[in-house]
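Dear colleague,

Please find below the structure that I am handing over to you. My notes on what was found in it follow.

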Amino acid sequence: MMTWWFTTFMAPAIKAKVHSLPGVEHLYAAITKDQLEIPAYITEYDMTYK
């Protein structure tokens, strides 16, 4: 909600740069795995949440 508020009312130019993803695996379509280090508990949570 904070991201929505900021991008809608505070900085409309940034809105095009902010993207919501349904899961961690979708992140790797835009960023290679070696560029971002995601802790194991986040990946585990993402797999159980779905």
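**Fold and findings**

Along its sequence, the protein follows the pattern α-α-α-α. It has 4 helices and 0 strands, where helices (H or I, at least four residues) and strands (E, at least two) are DSSP runs, numbered from the N terminus.

Please note that this is a predicted model, in which local features need pLDDT of at least 70 and side-chain atom pairs count only at pLDDT 80 or more, while totals for chains, interfaces and linings use all residues. Residues are numbered from 1 along each chain as its sequence is written, and side-chain values use heavy atoms, with hydrogens and water left out.

The mean pLDDT (the predictor's confidence in each residue, from 0 to 100) is 78 for the protein, and 74% of its residues reach 70 or more. Where pLDDT is low, the predicted coordinates should not be read in detail.

Of the 50 residues in the protein, 10% are buried, that is, under 20% relative accessible area with a 1.4 Å probe, counting protein chains only. Asp46 is found in helix H4 and counts as buried because its relative accessibility is 12%. Leaving aside residues up to four places away in sequence, Asp46 touches Pro22, Gly23, Val24 and Glu25 (contact means heavy atoms within 4.5 Å).

Finally, the charged end of Lys33 sits over the ring of Tyr28, 5.2 Å from its centre; the rule requires NZ of Lys or CZ of Arg within 6 Å of the ring centre and within 35 degrees of the ring normal.

With kind regards
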